[in-house]
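Let's read this model together, one feature at a time. Have the sequence and the 3D view open as we talk.

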Amino acid sequence: MTAIDLTLVTGVVFDADVITDTARIHAAAWKRVFDPFLRGRSAPFDIRADYLRHVDGRPRLDGVRTFLASRDITLPEGDPRDEPGAATVHGLGLAKDRLFAAEVERYGVAAFPSSVALLHELRRRGCRTAVVSASRHCRTTITSAGLAGLFDALLDGNDAAGLGLLGTPDPAMYLAAARHLGTPPERAAAVDDAPAGVTAGRRGGFGLVVGVSRTNTPDVLRASGADLVVADLSDLPVHGRVPAGPLTRPRAFGVGRR
């Protein structure tokens, strides 16, 4: 399939980073947290290579563990009561969370115009849409960007924790989103810009897995399981219309814990 064919696909699940320009904010927050911690221990955090290879698409604490393991650094887990910035997995994660939230509150979040245009086109043609993210701030960023009305379901890091869902590359969040759309995965498309997210769509048995190569190369996304790779969602054709007929009613916007 070289396009989203709505005679075959009735729902599309998007990773939040292909909708809003939040990856840049996440990466900058991670660098501000990791660099002081790494001083005297290892080289600074590479805002592109380290972010894409070890952090992008993963739940926050998994990102801390995976990145530090790449530098042969092990820290105690700590717990959610740790001081932000403490030398624990939770402490570093909490510091990053605080920085990200402050940046979003101060400057807001921009949506990619091509992504918004695609969402409108899909919904005009009868297709259901969902957004997923390992971030606990996804609901805030999507709402801040004025996009809540363009999704039938949203699952974020809070929902994943409340429902016991693993983060990508496990397909659990993508599959849960498809269920909330009332769409079997073989009749759904998964759209992500991270190798871990593309792998999740492939492992979940999605009928179409689309990689968006804004940050990762097309070869990396294809190797992770993408059926189709586009540089931008303006390059993703949509054909046909979802056939009229009885479908499972989608759940309300947002699931799990708030």
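Q: Is Asp 227 buried, partly exposed or exposed?

A: Before we start, this is a predicted model, in which local features need pLDDT of at least 70, side-chain atom pairs count only at pLDDT 80 or more, and totals for chains, interfaces and linings use all residues. Residues are numbered from 1 along each chain as its sequence is written, and side-chain values use heavy atoms, with hydrogens and water left out. As for the scale, buried means under 20% relative accessible area, exposed means over 50%, and partly exposed lies in between (1.4 Å probe, protein chains only). With a relative accessible area of 40%, Asp 227 is partly exposed.

Q: Which residue forms a salt bridge with Asp 227?

A: Side chains of opposite charge can pair when their charged atoms come close. The cut-off here is a side-chain nitrogen of Lys or Arg within 4 Å of a carboxyl oxygen of Asp or Glu. The partner of Asp 227 is Arg 202, with the closest N and O atoms 3.0 Å apart. Helices (H or I, at least four residues) and strands (E, at least two) are DSSP runs, numbered from the N terminus. Arg 202 is partly exposed too, at 32%.

Q: How many salt bridges does the structure hold?

A: There are 15. One of them joins Asp 152 and Arg 123 (3.0 Å, N to O). This pair links distant parts of the chain, 29 residues apart: Asp 152 is in the loop between helix 6 (138–144) and strand 4 (153–155), and Arg 123 is in helix 5 (residues 113–124). Asp 152 is buried at 15% relative accessibility, while Arg 123 is partly exposed at 28%. Another salt bridge brings together the side chains of Arg 81 and Asp 79 (3.0 Å, N to O); here Arg 81 is exposed at 74% and Asp 79 partly exposed at 23%.

Q: How many disulfides does a search of the whole structure find?

A: A disulfide is a covalent bond between the sulfur atoms of two cysteines. The test asks for a pair of cysteine sulfur atoms within 2.5 Å, and the search finds zero. Cys 127 is in no disulfide, and its nearest cysteine sulfur, in Cys 138, is 18 Å away. That distance is too far for a bond.

Q: Which side chain has a polar atom 2.9 Å from the backbone oxygen of Cys 138?

A: A polar contact is a pair of N or O atoms within 3.5 Å; within protein, one must be able to donate a hydrogen and the other to accept it, and residues adjacent in sequence count only if both atoms are side-chain atoms. The side chain is that of Thr 141. Thr 141 lies in helix 6 and is buried at 3% relative accessibility. Beyond its neighbours within four places in sequence, Thr 141 is in contact (heavy atoms within 4.5 Å) with Thr 22, Phe 100, Val 104 and Val 109.

Q: How many of the ten residues of helix 8 are buried?

A: Eight are, and helix 8 (residues 172–181) is mostly covered. Among the buried residues are Met 173, Tyr 174 and His 180. Their cover includes strand 2 (11–15), strand 3 (128–132) and helix 7 (157–163). Just after helix 8, Gly 182 takes a positive phi of about 70 degrees.
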